[in-house]
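Morning, everyone. Let me put the model up on the screen, and then I'll walk you through the parts I'd like us to look at.

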Amino acid sequence: MKDDARSEMRRYAIGAVLSAALTLLAFWAVMSHGMARSTALWIVGAAALAQIVVQMRCFLHVGSSSKREDLHLILFSLVLGTLMVGGTIWIMSSLHDRMY
Amino acid sequence: MADPIFGRLDWTVTPFDDFFRDPSINEGVAAAAASAVPLGAVAVIAFLTWKGLWGPLWRDWLTSADHKKIGIMYFVLAGVMMLRGVLEGAVMRTHQVTALDGGVLSAEHFAQLFSTHGTIMIFFVATPLITGLMNYVVPLQIGARDVAFPVLNQISLGLTAAGAGLVMISLVIGKFGTGGWTMYPPYTGTTFSPGPGVDYWVWAIGISGIGSTLAGINIAVTIYKKRSPGMKFLRMPIFTWTSLCTAIMMIYAFPALTVSTAMLALDRSLDFRFFTNDLGGNMMQYANIFWMFGHPEVYIVVLPAYGVFSEIAATFSAKRIYSYNSMVIATSAIAVISFTVWLHHFFTMGQGASVNAAFGIATMIIAVPTGVKVYNWMATMFRGRVRLSVPIIYLVGFFFLFVFGGLTGVILANPTIDYQVHNSQFLVAHFHNVLIPGVLFGVLAGVHYWFPKAFGFRLHEGPARLEAYLWFGGFSLAFLPLYWLGLMGMPRRSASYDNPAFEPAMWLAVVGAAMVVGALGVAIWNFWASARDREALACPVGDPWDGRTLEWSIPSPPPEYNFYALPRVNTVDAWTVEKAVGHPYEMAPRYTDIEMPRSTAMGVVIGGASAAMGFAITWWIWWLAALSFAVIVAALIARAFVRETTRTIKAVEVEVAHRAFLREASRTPAVGRDDEIAPDNLGHARPAVPA
Ligand code: HEM
Ligand SMILES: [Cu+2]
């Protein structure tokens with residue numbers, strides 16, 4: 001019991017520190033001058049993806065030994081994420097092509 | 001510059017001083033509407049004080065974490081908002097018959113009316129109605145004692161009520177935005193809408209949207225984790241299936257709304273440039289993100305209505321639902337496909353033809369699963385012993401009207417046609433045609449169906465039938481002529497028009513709107529009259545319709561812990577099978593102690609603080625915004641230290657209560673379906689046919 005609580009606590013602490021670090025990394029990429037725009041965008045994107053993994057792992061306790069429900073959740077999120085992000089990129093680039 | 005204490009609030013913000021300066025009909029309507037809010041509030045406060053109801057209201061309702069009470073409170077909230085929404089619709093229609101070359105209301109006032117009407121109807125009527133229905137019914141149908149997170153449930157309700165409160169306050173203090181229910185920038189940016197109106201919308205929607213996301217999480221987890229023993233997924237009632245799909249859709253759709261309103265809020269309050277015309281803003285991205293929520297939302301509100309119709313078709317035809325599996329597949333298909341069609345709300349925004357074609361085809365495809373369902377409902381009724389009572393009247397009305405509305409949707413899904421009729425009255429006809437016969441008829445049928453479960457007495461059948469027919473006729477008159485108006489070229493959101501040919505249809509529409517107001521009046525009267533005659537309408541044994549699912553096996557109203565002993569389920573329509581071949585109304589082999597959530601004020605505190613925060617930001621009262629936010633954070637932290645969150649009900653107590661109920665059930669004569677609406681129907685059903 002006691003040990004459980006302790007490892008639980010450690011997990012949250014690690015998660016909090018990592019999340020904060022990844023957020024700061026994104027801010028740094030944007031606010032430090034002299035970095036190429038595309039490099040900064042890639043860094044922000046990568047930090048965001050890493051942030052998702054950290055929060056899943058440390059806060060939502062999703063791991064290799066998880067249940068079927070967790071798998072449902074992740075797969076469905078992937079499908080919808082792909083639809084929303086992919087759709088947006090398609091729509092916006094079409095608008096971009098036709099409007100400039 | 002804003003005042004440090006009162007922000008941009010001062011004494012000129014109410015409509016009353018405008019009325020004194022300029023006593024026209026236009027200002028009179030605004031002042032009358034603005035007086036209704038404080039007068040209504042005072043009336044409620046006086047009534048509660050006179051009857052000494054403050055204590056019970058606080059103890060038994062506002063702080064209760066019981067999913068049944070929270071569901072009912074969602075309904076009360078939605079009912080109050082619906083009263084306002086429908087009256088606004090009627091005011092707009094009345095204005096429009098006078099609007100040939102002018103009209104009694106100013107264009108600005110008309111714009112506020114359609115903006116608040118649309119906002120209220122979608123976010124504070126349709127959404128809370130279905131959330132309340134799921135809240136009430138789902139735990140009962142799956143044999144659970146409560147939802148998975150009872151306190152979170154309370155907080156969801158609090159956040160929704162906070163949003164609704166902000167919209168109500170905007171009637172009296174300041175003005176609501178005029179950008180329609182979607183509030184598209186750049187018109188709603190600070191350049192073109194500097195006043196507080198759009199901020200009211202942003203915070204009302206931002207706050208209540210978070211509440212809806214949380215409600216979705218709660219219901220989905222409840223269905224995943226709290227089903228009673230033996231209830232596999234494919235044994236769940238169809239209403240629970242539609243609720244599961246709706247809840248999952250809420251989890252994924254509402255965050256898009258939160259994001260788009262948050263970005264608009266950043267633009268407005270902190271001078272960001274997401275959606276501005278200049279400096280790199282892109283207002284088309286707003287439409288894109290908003291409708292990523294907006295389209296799923298229409299299926300979020302209609303899927304539970306489909307679920308209600310499924311329960312009703314089976315129960316009132318005394319047959320099991322036709323093709324259960326295809327119902328489940330169709331529901332799940334809708335849930336996924338509805339995330340692939342959002343662009344049909346902006347076909348004319350300028351993207352290329354291939355994009356439009358793809359989304360147009362996806363839109364047409366989504367009509368297929370709904371078509372499957374309509375055939376299934378009809379096949380369920382086919383050769384059943386159909387009782388033509390209120391829920392079936394709504395269902396048949398839905399067949400006619402909803403199919404029509406759905407077909408006009410398929411017409412609109414063709415981008416080339418949409419280019420002609422978008423933003424016209426054709427569209428207004430279409431979406432009311434799916435929202436009213438779909439969502440509203442479904443919820444009204446569901447209210448009639450589950451009301452006896454919730455309160456222990458039925459509603460009078462006669463007035464309820466009159467109400468149903470008034471809704472059917474009123475809707476048809478108020479909206480079907482608009483298809484024609486749209487094809488004639490009348491734009492939506494028109495405060496006035498110059499073509500006299502539009503006038504006759506406008507007259508038809510106002511008659512229809514009056515009938516709908518009449519329907520609402522009959523509904524209110526019927527609640528009151530049925531409560532007055534509750535002795536004659538009582539059905540304490542709890543099964544007045546010869547129901548098929550678990551919620552009909554328990555008394556009406558149910559005990560706070562719902563089930564004396566958790567039922568074991570080994571088929572769909574478990575209660576029907578139990579009545580036909582099993583042992584209904586028997587003692588359980590053993591009883592256990594039951595843990596129920598304790599009451600807490602979390603919902604009230606967080607809801608109240610959120611409303612204060614939204615109000616403060618709208619009026620630039622920064623100290624109050626910071627203070628309210630601090631209260632929210634502090635309340636969440638304080639809650640984490642509360643250790644006694646549940647209270648135990650002793651097994652013996654449960655056993656005694658169950659024995660008393662069974663004695664009452666065995667004393668009560670069973671009635672057949674011919675006497676369903678007679679006073680003899682005390683809720684003990686004589687099963688009509690085996691399974
Ligand atoms: C019950 C009687 C109702 C009447 C008489 C009515 C009337 C109206 C009118 C006159 C408009 C403005 C149309 C225009 O732009 O030209 C409107 C807009 C709208 N209504 Fe209704 N309505 C009713 C019920 C509902 C219901 C039940 C819902 C949704 C659940 C709803 C949702 C909307 C929405 C979303 C708009 C669009 C607002 C906008 O343009 O931003 N209405 N309605
Ligand atoms: Cu849509």
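What you're seeing is a predicted model, where local features need pLDDT of at least 70, side-chain atom pairs count only at pLDDT 80 or more, and totals for chains, interfaces and linings use all residues. On bookkeeping, residues are numbered from 1 along each chain as its sequence is written, chains are lettered from A and ligands numbered from 1 in the order in which they are written, and side-chain values use heavy atoms, with hydrogens and water left out.

P186(B) sits between α6 (150-172) and α7 (197-225) of chain B, and the bond joining P185(B) to P186(B) is cis, with omega about 5 degrees. There's another cis bond, from S556(B) to P557(B), with omega near -10 degrees. P557(B) is in the loop between α17 (534-537) and α18 (574-581) of chain B. As background, most peptide bonds are trans, and most residues other than glycine have a negative phi.

Which brings me to the positive phi values. R383(B) isn't a glycine, yet its phi is near 60 degrees. You'll find R383(B) in the loop between α11 (353-381) and α12 (390-412) of chain B. R383(B) counts as exposed at 74% relative accessibility; the scheme is buried under 20% relative accessible area, exposed over 50%, partly exposed in between, using a 1.4 Å probe and protein chains only. N423(B), also not a glycine, has a positive phi of about 60 degrees. N423(B) lies between α13 (415-421) and α14 (425-455) of chain B, and with a relative accessible area of 41% N423(B) is partly exposed.

Now the metal. Which residues hold the copper ion, ligand 2? The protein donors are H295(B) through ND1, plus H344(B) and H345(B) through NE2, at 1.8 to 2.0 Å from the ion. Donors here are N, O and S atoms within 2.8 Å of the metal (3.2 Å for Na, K and Ca), and since water is not among the atoms, the site may look incomplete. In sequence the spacing of the donor residues reads H-x48-H-H. Buried or exposed, what about H344(B)? H344(B) is buried, at 15%, while H345(B) is partly exposed at 30%.

On to the packing. A nonpolar core, for us, is a set of buried Ala, Val, Leu, Ile, Met, Phe, Trp, Tyr and Cys residues joined through side-chain atoms within 4.5 Å. The largest has 192 residues, and W201(B), W377(B), Y394(B) and W471(B) touch the most other members. Helix α9 (residues 283-317) of chain B gives the most to this core, namely 20 residues. Zoom in on Y394(B): its contacts include F309(B), F441(B), L444(B) and W471(B), leaving aside residues up to four places away in sequence. Contact means heavy atoms within 4.5 Å. A204(B), in helix α7 of chain B, is buried at 0% relative accessibility. Counting the same way, A204(B) touches F124(B), G163(B), L166(B) and V167(B).

Helix α2 of chain B (residues 25-51) has 27 residues, which should span 39 Å at 1.5 Å a residue, and its end C-alpha atoms are 37 Å apart, in agreement. That expected span is 1.5 Å times one less than the number of residues. The buried residues of α2(B), among them N26(B), A30(B) and L48(B), pack against α1 (15-21), α3 (54-62), α5 (107-141) and α6 of chain B.

Then α20(B), residues 622-640: 19 residues reaching 28 Å, close to the 27 Å expected. L624(B), A625(B), S628(B), I632(B) and A635(B) are its buried residues. Why do they line one face of α20(B)? Because, seen down the axis, they fall within an arc of 110 degrees, the arc being that of the directions from the helix axis to the C-beta atoms. Their cover includes α19 (602-618) of chain B.

Key: Helices (H or I, at least four residues) and strands (E, at least two) are DSSP runs, numbered from the N terminus.
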